[in-house]
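Student: I am new to this structure. Could you take me through the terms used to describe it?

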Amino acid sequence: MGQNAFTNTGKLTRLIFRLDRIRIPLWIIGLAIFTFIVPPTFDGLYPSQQDRDAITSTLANPAMTAMLGPGDLENYTIGAMTAHEMLLMTAVITGLMAILLVTKHTRADEEDGRIEMIRSLPSGRLSYLNATLAVTSGAFLLLTLVIGFGLFGFGIESMDLEGSLLYGAALGGTGLVFAGVTAVFAQLSESSRGTIGWSVAILLGAYLFRAITDLSNEALSWLSPLGWVTKAEVYSSNNWGPIVLMLAVAILLFVIANYLNSIRDLEQGFIASRPGKRNASRLLQSPIGLAFRLQRTGFISWAIGMYVLGASYGSIFGDLESFFEGNEMYQQMLQLSEGASLVEQFIPTLMVVISLIATIPPIMAINKLRGEEKKGRLDHLLGRAVSRSRLLGSYLILSVVNGFVMLSLSAIGLWSAGNAVVENGMDFGMLFGAAFVYYPAMLVMIGLAAFLNGFLPKQTSLVWIYILYSFFVLYLGNMMQFPNWVGQLSPFGHVPQVPIEDATFMPLFILSVIAVGLMILSFIGFRKRDIAN
Amino acid sequence: MSVLEVRNLEKKFGKFTALDGVNFEVRSGEVFGFIGPNGAGKSTTIRVLLGILKANEGEVKIFGKDAWSDAVEIHKRLAYVPGDVNLWPNLTGGEVIDLFVKLRGGNNKSKREELIKKFDLDPTKKCRTYSKGNRQKVALIAAFSSDADLYILDEPTSGLDPLMEKVFQECVLEAKNEGKSVLLSSHILSEVEKLCDRVGIIRQGQIIETGTLNELRHLTRTHILVETKQPIASLTELKGIHEVEETEQGLSFQVDTKELDIIIRHISQFGIVKLESAPPTLEDLFMSHYENKGEREVGGVR
Ligand SMILES: Nc1ncnc2c1ncn2[C@@H]1O[C@H](COP(=O)(O)OP(=O)(O)OP(=O)(O)O)[C@@H](O)[C@H]1O
Ligand SMILES: [Mg+2]
């Protein structure tokens, strides 16, 4: 093997670069916009140090630390503020970008037989993998520079060149680490879904682990790659050590992926395929049974994930409570809304994040229909006595149930952990209600995904952009003081803030009506369009 | 009586016209061969027949029902095998067969087992591990173990070995003997010749010829090799003579089959010493249609 394993890596790099010439710039532009709108806004909203110090008092609590990571609250300049509020979340999205980009050119290309074609040409055994990694690394280097120089370009006093470049490098470095993680799972797992699933699990795991250790024992946060992002202390002490660590880990992971790739066969993973059932179980023998079977593993993993997410947030309620007890000023500040306990004040903020994450698996469930169509497998069903309505209906039911389960499990997780750590226990009904006011908004998203599937099947991924938008405006909403309509463009912006507010009937009813309307329309569209692959 | 009727079918993908007025029918109890060059529109036609694509223009009826609006009813009596069988990688072959049979509504356990044995398939393996031929077998077993009235097969044997090809042919003939109808699209001419009662040839989205093989043969040329005592006078002036060539064995030429009688009468005046004739092969037939020159003969038998 030796040298030959890398033959033509250069040409393949160019090929992949060409294939991704739209996708990569879009990601970078998206992340750049996400980042660049923040510092000028903060500068406008909190011009003086006093303004900023005032707001630190609402941020210096465990719930915020769990969500955003630790920040330099002592010296809360515009730079420190931007890094504290934005960097970790942007890093998570960058990790997601790495996972999707790398999966596309590793397991997904392999699964679809494209790598087989490449291998039949005079190209090395490891060339395609390394071409992918080269393009991805290039993309993250570019991201680092764009973000670094871009932030510096605002000319804000506290945002010097070194800090800005470090900000960019923390993002680029996170991208490289997760490119490495994905490259390894692309070798271990046998499918692109599995690759994405495992890598996202590591990403979320890293986030949750950091959340818990940031509260309990900050030193342990060094074990999570996302912990390194905040340890870089961008715009305060500017610590480059974590970046070096990211590079080292990324290179190590790249080497491991190469090694694994070199010792396995094409289109195989590391778990050998066992013989399966000779006959189909009763459950499998219907469109809905099939649809469920195809998503079973993903469903179970997400279900566990949502429970863990809920429980992780729940576990900080105890810290919150003791924190408030020793903080008189806080108690006075929050007395404003009556009837709700101090801990309960934070529930809506948590719930909006949880419910948006819980919306991901049901959207995946409904979009799977389009995925099956693209692989030409709907023909097998529609070519038999299965009507289009029944097919769409099956996926829709699964998706709606999926969303219900995900929301329930996160509420149960929140309650089971919260109840254990909060002194007088927590009311399950209250938590469940606080979660389920988001269900109609989630249904609107599912309805929209179904609608796109019916009328604009090539554009089904638009729904992800809408979810990202919702996340963005609601996550940043309070901080950035957006005008109301910005948040209300998202269905999640209309949800009453239970338990601080009452669960008013009207908005929930209207959301439900819109959801049902979209779903009905989706059937009309799906019934009269071509099924294409 | 026809089980399947296509009238003036037109299908556009954007500006591109894939089907441009397709007309044909499949009669009850016959095996209809559907052939034509790559990209001619065979799979597109079949996908319209299945109600997977919506026609822009024209009428498609199966069992007297509309292929688009009554798709589900029709599919209860129809079995389909695609050429490119894409299955779910994490289900086993056995599970997929059961699922397919169940979705049609039939249930014939003994037939299923018999076919699994005949096609020599291991149904406990995951689909991801199957070869192309094995994936095709899964689709074929599912189709033939269901009790359908019409089989629509789109290049069902492109991945089968000769032994399995034979099993497939038996299955088709068995279905035919039971009075079932079959629409078979294929590039394997020997298979078409063996199985099909009638064929339709499609090119650039139009049916350019339909008929029995015998009828179609009349539209092509017979190869003739003769040796005569005297040189044949004014042979080239006769209608339907092509590619005359002087060889060591004698005079070789091709004759439009419908002019054969007149030509032989003419030659016989010069004292035939030796006469060899070769019927047009199916290959010749198709070549003449697949190539653009084929237009010369269009419109004979309908
Ligand atoms: N979804 C589509 N969009 C655009 N063009 C299409 C689409 N599907 C098919 N076509 C075009 O329609 C024409 C007919 O294609 P079709 O698949 O029916 O050919 P075919 O006769 O089955 O060929 P083959 O023998 O190669 O299977 C081709 O030119 C093809 O490119
Ligand atoms: Mg075809």
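**Helix pairs and cores**

Tutor: In chain A, the axes of helix α4 (residues 49-59) and α6(A) cross at roughly 25 degrees and come within 12 Å. This is a predicted model, in which local features need pLDDT of at least 70, side-chain atom pairs count only at pLDDT 80 or more, and totals for chains, interfaces and linings use all residues. Residues are numbered from 1 along each chain as its sequence is written, chains are lettered from A and ligands numbered from 1 in the order in which they are written, and side-chain values use heavy atoms, with hydrogens and water left out.

Student: Why is α4(A) called roughly parallel to α6(A)?

Tutor: Angles run from 0 to 180 degrees between N-to-C directions, with axes fitted to C-alpha atoms, for helices over the stretch in contact. Angles under 35 degrees count as roughly parallel and those over 145 as roughly antiparallel. The crossing angle is roughly 25 degrees, so α4(A) is roughly parallel to α6(A).

Student: Which residues of α4(A) and α6(A) meet?

Tutor: A:Arg52, A:Ile55 and A:Leu59 in α4(A) meet A:Ile78, A:Met81, A:His84 and A:Glu85 in α6(A), where contact means heavy atoms within 4.5 Å. By class, this contact of α4(A) with α6(A) has 4 nonpolar, 1 polar and 2 charged residues.

Student: What makes α18(A) roughly antiparallel to α20(A)?

Tutor: The axes of helix α18 (residues 388-421) of chain A and helix α20 (residues 439-455) of chain A cross at roughly 150 degrees and come within 10 Å. That angle makes α18(A) roughly antiparallel to α20(A). Among the residues that meet are A:Leu396 and A:Phe404 in α18(A), with A:Met442 and A:Ile446 in α20(A). The contact of α18(A) with α20(A) has 9 nonpolar, 2 polar and no charged residues.

Student: What makes a set of residues a nonpolar core?

Tutor: Such a core consists of buried Ala, Val, Leu, Ile, Met, Phe, Trp, Tyr and Cys residues joined through side-chain atoms within 4.5 Å; buried means under 20% relative accessible area (1.4 Å probe, protein chains only). The largest nonpolar core has 241 residues, and A:Tyr167 and B:Phe24 are among those with the most contacts inside it. Its largest share, 16 residues, comes from helix α6 (residues 78-111) of chain A. Apart from it lies another core of 11 residues, including B:Val226 and B:Phe253.

Student: How many residues of chain B are there, and what percentage is buried?

Tutor: Chain B has 302 residues, of which 52% are buried.

Methods
Helix = DSSP H or I, 4+ residues; strand = E, 2+ residues; numbered from the N terminus. Parallel < 35°, antiparallel > 145°, perpendicular 65-115°, else oblique. Nonpolar A, V, L, I, M, F, W, Y, C, P; charged D, E, K, R; others polar. Buried < 20%, exposed > 50% of the residue type's maximum accessible area, 1.4 Å probe, protein only.
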